[in-house]
Amino acid sequence: MRFIARFVMRGPAHAVTSAALAQLAALFISLFLLVSAAVVGLVTLRHGHYKGFQVAAFATVITVVGRLFLDGQWIPMFLLCVLTW
């Protein structure tokens, strides 16, 4: 977990990438939902609610687009992102 925290705190682009990839990986292994939520939580605690919302919003867009390309269903992934973050 320390590696994740160190990687996420490098900048907002790293945080968005980490949250989106963990959310997409949660399609296969549900334990990654905790990692994704932890990334958004770490950013929110460190930089404030505005930056946390930005990371969650951009990661949601990336995740929904990724799911759209996988099988064309984006609404379940959008709801999962909203509930997780």
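Colleague: How many helices and how many strands does the secondary structure of the protein chain come to?

Modeller: Happy to start there, with the reminder that this is a predicted model, where local features need pLDDT of at least 70, side-chain atom pairs count only at pLDDT 80 or more, and totals for chains, interfaces and linings use all residues. Residues are numbered from 1 along each chain as its sequence is written, and side-chain values use heavy atoms, with hydrogens and water left out. Helices (H or I, at least four residues) and strands (E, at least two) are DSSP runs, numbered from the N terminus. Read from the N terminus, the elements run α-α-α-α-α, and the totals are 5 helices and 0 strands.

Colleague: Thanks! What share of the 85 residues counts as buried?

Modeller: Buried means under 20% relative accessible area, exposed over 50%, and partly exposed in between, using a 1.4 Å probe and protein chains only. Of the 85 residues of the protein chain, the buried share is 29%.

Colleague: Is Gln23 buried or exposed?

Modeller: Gln23 is found in helix α2, residues 12-25. Contact means heavy atoms within 4.5 Å, and, leaving aside neighbours within four places in sequence, Gln23 is in contact with Leu33, Ser36, Thr63, Met77, Leu80, Cys81, Thr84 and Trp85. Because its relative accessibility is 0%, Gln23 counts as buried.

Colleague: And Val55: which residues does it touch, not counting those up to four places away in sequence?

Modeller: Val55 lies in helix α4 and is buried, with a relative accessible area of 2%. The C-alpha atoms of Val55 and Pro12 are separated by 6.7 Å, although these two are 43 residues apart along the chain. Beyond the residues up to four places away, Val55 touches Ala15, Val16, Val40 and Val43.

Colleague: Among contacts between residues at least 6 apart in sequence, what percentage joins residues at least 24 apart?

Modeller: This one concerns the whole protein chain, and it takes in contacts between residues at least 6 apart in sequence. Of these, the part that joins residues at least 24 apart is 55%.

Colleague: Which residue forms a salt bridge with Arg67?

Modeller: A salt bridge is a side-chain nitrogen of Lys or Arg within 4 Å of a carboxyl oxygen of Asp or Glu, and a search of the whole structure finds 1. With the closest N and O atoms 3.0 Å apart, the partner of Arg67 is Asp71.

Colleague: What is the geometry of the aromatic pair that Trp74 and Phe78 form?

Modeller: Rings of Phe, Tyr and Trp (its six-membered ring) pair if their centres lie within 6.5 Å; planes under 30 degrees apart count as stacked, over 60 as edge-to-face and the rest as tilted. A search of the whole structure finds 1 aromatic pair. Its centres are 6.4 Å apart and its planes are at 65°, so by these cut-offs the pair of Trp74 and Phe78 is edge-to-face.

Colleague: Last one: is Leu70 buried or exposed?

Modeller: Leu70 lies in helix α4, which covers residues 49-71. Because its relative accessibility is 57%, Leu70 counts as exposed.
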